[in-house]
Amino acid sequence: MKKQIIYLMTLATITLATSCKDGISSDSSTQMELHKKVYKASTDIGDLPTAINSLRYMIAIDSTNPNLLDTLANLYISVGQMQQAIKICDQYAVKYPLTEKVMETKELSFEKLDMLDSAYAMADKLFLKTEKLKYVYRQGYYKIQMGDKKGFDYLQKVIDFKQPIKDSTEMRFGSGRNSYIQMVPIKAAAYFIKGSTLGLMHKYTETKENYKLALKEFPEFYYVEQILQHFEQYVSDMESPPKR
């Protein structure tokens, strides 16, 4: 088991909304419909490079539709082209008021590029815009990944929030073929990141306490349940020197 806690927050399902503008000619409208069909057929089978190509044609036909740029940025991040996703988000910002979705796409692109300072800055802007605690959670996560103990303060804000929090985050556990993903409520995720970080600091009593609280918050938290059932092995793994 790796001693680095890694999680991956994925994108929302890709959607595409297009409409024919008065300024688009009949021929262009026909071409638009054709590319929309190719786009749908491509995404239905997971052929995202073809979908990106079709979307590029649609943008060439209708350069005034913000949904097209939004969707293109999401497609780029889905195929792992983070730099391109960021550039599309920047192009969007030049033309249109920034939406939460576009800002979040840029934040996640920064995260995947390990540009954690930039990801943190975007999470901060997103919280100021939306006041959603999932962005406070991400601020805490980024700070901790950067080795800044102030991250605990952000996680504690999420933990101490008395009202129910609807947001969840997608977390990836393990590696390779043994990896799996589970949707985890934000408060349970905050306990988990806090506990995991304390484990890296060899504070196992506090680690166990936070894992128990994470499981209490989210009884279906499979990874935490497994750690608690084999906690002595977990401690042994953490105490062992890293394999070369």
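Among contacts in the chain between residues at least 6 apart in sequence, what percentage join residues at least 24 apart? The figure is 56%, where a contact means heavy atoms within 4.5 Å.

Hello everyone, and a quick word on ground rules. This is a predicted model, so to speak of local features we need pLDDT of at least 70, side-chain atom pairs count only at pLDDT 80 or more, and totals for chains, interfaces and linings use all residues. Residues are numbered from 1 along each chain as its sequence is written, and side-chain values use heavy atoms, with hydrogens and water left out.

Let's start with the overall layout. The chain has 12 helices and two strands; these are DSSP runs numbered from the N terminus, with helices being H or I of at least four residues and strands being E of at least two. If you walk along the sequence, the order is α-α-α-α-α-α-α-α-β-β-α-α-α-α. There are 244 residues, and 43% of them count as buried. Buried here means under 20% relative accessible area, exposed means over 50%, and partly exposed is in between, using a 1.4 Å probe and protein chains only. The chain exposes about 13500 Å², with carbon and sulfur atoms supplying 51% of that. Those areas come from the Shrake-Rupley method with a 1.4 Å probe, and for residues only the protein chains shown count as cover.

Now to helix H1, residues 26-44, where you will find His 35. Is His 35 buried or exposed? His 35 counts as buried because its relative accessibility is 12%. Leaving aside residues up to four places away in sequence, His 35 touches Ser 54, Tyr 57, Met 58 and Ile 61.

Helix H1 also holds Glu 33 and Lys 36, three residues apart, about one turn of the helix. Their side chains meet in a salt bridge at 3.5 Å, N to O. By salt bridge I mean a side-chain nitrogen of Lys or Arg within 4 Å of a carboxyl oxygen of Asp or Glu. Glu 33 is partly exposed at 33% relative accessible area, and Lys 36 is partly exposed at 26%.

How many salt bridges does a search of the whole structure find? It finds nine. One of them joins Glu 100 and Lys 132, with the closest N and O atoms 3.1 Å apart. That pair links distant parts of the chain, 32 residues apart: Glu 100 is in helix H5 (residues 100-112), and Lys 132 is in the loop between helix H6 (116-130) and helix H7 (133-145). Lys 132 is partly exposed, at 30%.

Another salt bridge brings together the side chains of Lys 134 and Glu 104, at 3.4 Å, N to O. Here Lys 134 belongs to helix H7 and Glu 104 to helix H5, and the two are 30 residues apart. Both Lys 134 and Glu 104 are buried. Shared partners then join Glu 104, Glu 107, Lys 134 and Arg 138 into one salt-bridge network.

On to the nonpolar cores. A core is a set of buried Ala, Val, Leu, Ile, Met, Phe, Trp, Tyr and Cys residues joined through side-chain atoms within 4.5 Å. The largest one has 43 residues, and Tyr 137, Met 171, Phe 192 and Phe 221 have the most contacts inside it. A second, separate core has 23 residues, among them Leu 72, Ala 73, Met 82 and Ile 88.

Phe 192 comes up again with the aromatics. The structure holds 14 aromatic pairs: rings of Phe, Tyr and Trp (its six-membered ring) pair if their centres lie within 6.5 Å, and planes under 30 degrees apart count as stacked, over 60 as edge-to-face and the rest as tilted. Why does the pair of Phe 192 and Tyr 211 count as stacked? Because their planes are at 20 degrees, with ring centres 5.7 Å apart. Phe 192 lies in helix H9 (residues 186-200) and Tyr 211 in helix H10 (residues 204-217), so the pair ties together parts 19 residues apart in sequence. Both Phe 192 and Tyr 211 are buried. They also belong to one aromatic cluster, whose members include Phe 173, Tyr 180 and Phe 231.

Lastly, the backbone. Asp 114, in the loop between H5 and H6, has a positive phi near 65 degrees without being a glycine. Asp 114 is exposed, at 58% relative accessible area. Glu 131, in the loop between H6 and H7, is not a glycine either and has a positive phi of about 60 degrees. Glu 131 counts as exposed, at 63%.
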